[in-house]
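What follows is a guided reading of a structure, taken from its chains to the places where they join. Please keep the sequence and the coordinates open while reading.

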Amino acid sequence: MISRRHFLLLTGVAIATPVKAQLPPNIAEIRKAALQEAIKKVIGDAQVRQGKVKVDIPPLIDNGNAVPVTVEVESPMTQADHVKAIHLFTERNPQPYVFTAHLGPRAGKARVATRARIADSGDVVAIAQMSDGSFWSESVKVIVTLSACLEEGLI
Amino acid sequence: MARVVVNVPAEAKKGEVIEIRTLAGHPMETGFRRTQLGELVPRDIIRSLVCSYNGVEVFRAELHPAMAANPLLTFTTVATESGTLEFRWSGDNGFSVTEKASIKVV
């Protein structure tokens, strides 16, 4: 005779197993590598320096489906010295890309605000591409309590 | 036809930096979700937004599935002359919407 405790244990295992099977055990490294690759695609062989970029995002996110993000870059935005593009990446999403904004001297200010989906706690990285070819970035750690795209079991 | 909203100041001083807010009604289906039967829901997102000021492109954004549904984008531009700002969203499944807003520069 199977006890209730036993039965629950068995069904628990049966339910948990297929979900686990979707996830490779080294998912964290895979995601990190994907982020590095995405950044590499943007910057090429150039060096990324810390600074100039400011990412405004709540450090504790209760709903990852719509996270307000503002990226601001220090720049005079003149013809000679302006921000060409702002890239935003997340570490733990199925794909690292969030958006790429192309600006120019006519923007007046290098500031872009939007709402992103963030799947899990991790880094959010913004990279600014300047007109002189240099790259600046800031990385912010966030904690997500309710994930976006959770039902997929990809996290 | 999807609903889009743009917020551009009606009047601005010459040389002033104005803030433009845009919102497009779109589910931004990521392509990673599954139905209850386990089938993948195909990706359906807005891929780009282009803003031109009297025909000159001043802002362009490429969007990815990690943008929230009903993508909101706020950016700035310098008010140079009176005229129209044209916004064009385009995306998967032939999604394409254009919206215009006029501005008076004094």
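A residue is called buried here if 20 or more other C-beta atoms lie within 10 Å of its own, exposed if 12 or fewer do, and partly exposed in between, with the C-beta atoms placed from the backbone. The structure is a predicted model, in which local features need pLDDT of at least 70 and side-chain atom pairs count only at pLDDT 80 or more, while totals for chains, interfaces and linings use all residues. Residues are numbered from 1 along each chain as its sequence is written, and chains are lettered from A and ligands numbered from 1 in the order in which they are written.

The model scores ipTM 0.90 and pTM 0.84.

Where two residues are said to be in contact, their C-beta atoms, placed from the backbone, lie within 7 Å; among the contacts in chain A with a separation of 6 or more, 68% are between residues 24 or more positions apart.

Helix α2 of chain A covers residues 27-43, and its 17 residues should span 24 Å at 1.5 Å a residue, which agrees with the 24 Å between its end C-alpha atoms; the expected span is 1.5 Å times one less than the number of residues. Just after α2(A), A:Gly44 takes a positive phi of about 70°.

Chain B has zero helices and eight strands, and its C-alpha atoms fill a box of roughly 60 × 20 × 20 Å, taken along the principal axes. Buried residues make up 30% of the 106 residues in this chain, and among its contacts between residues at least 6 apart in sequence, 57% join residues at least 24 apart.

How many residues does each chain give to the contact? Chain A gives 29 residues and chain B gives 24 residues. On the side of chain A that touches chain B, the elements that give two or more residues are β6 (97-102) and β7 (110-116) of chain A. By class, that side has 13 nonpolar, nine polar and seven charged residues, where Ala, Val, Leu, Ile, Met, Phe, Trp, Tyr, Cys and Pro count as nonpolar, Asp, Glu, Lys and Arg as charged, and the others, Gly among them, as polar.

Both of these strands of chain A pair with strands of chain B, two strands being paired if DSSP finds at least two bridges between them. β6(A) is joined to β5 of chain B (residues 56-63) by four bridges, and the two run antiparallel; A:Phe99 stands opposite B:Leu63 in β5(B). β7(A) is joined to β6 of chain B (residues 72-78) by two bridges, again antiparallel, and there the bridge partner of A:Ala113 is B:Thr74. Within chain A, β7(A) also pairs with β4 (residues 67-73) in the antiparallel sense over seven bridges, with A:Thr70 opposite A:Ala113. Five of the seven residues of β7(A) are buried, so this strand is largely enclosed by the rest of the structure.

At the chain B end, β1(B) and β3 (residues 17-24) pair over four bridges, and the bridge partner of B:Val5 in β3(B) is B:Leu23.

B:Pro71 lies in the loop between β5 and β6 of chain B, and it counts as buried because it has 23 C-beta neighbours inside 10 Å. Leaving aside neighbours within four places in sequence, B:Pro71 is in contact with A:Thr114 as well as with B:Ala24, B:His26, B:Met28, B:Ile46 and B:Leu63.
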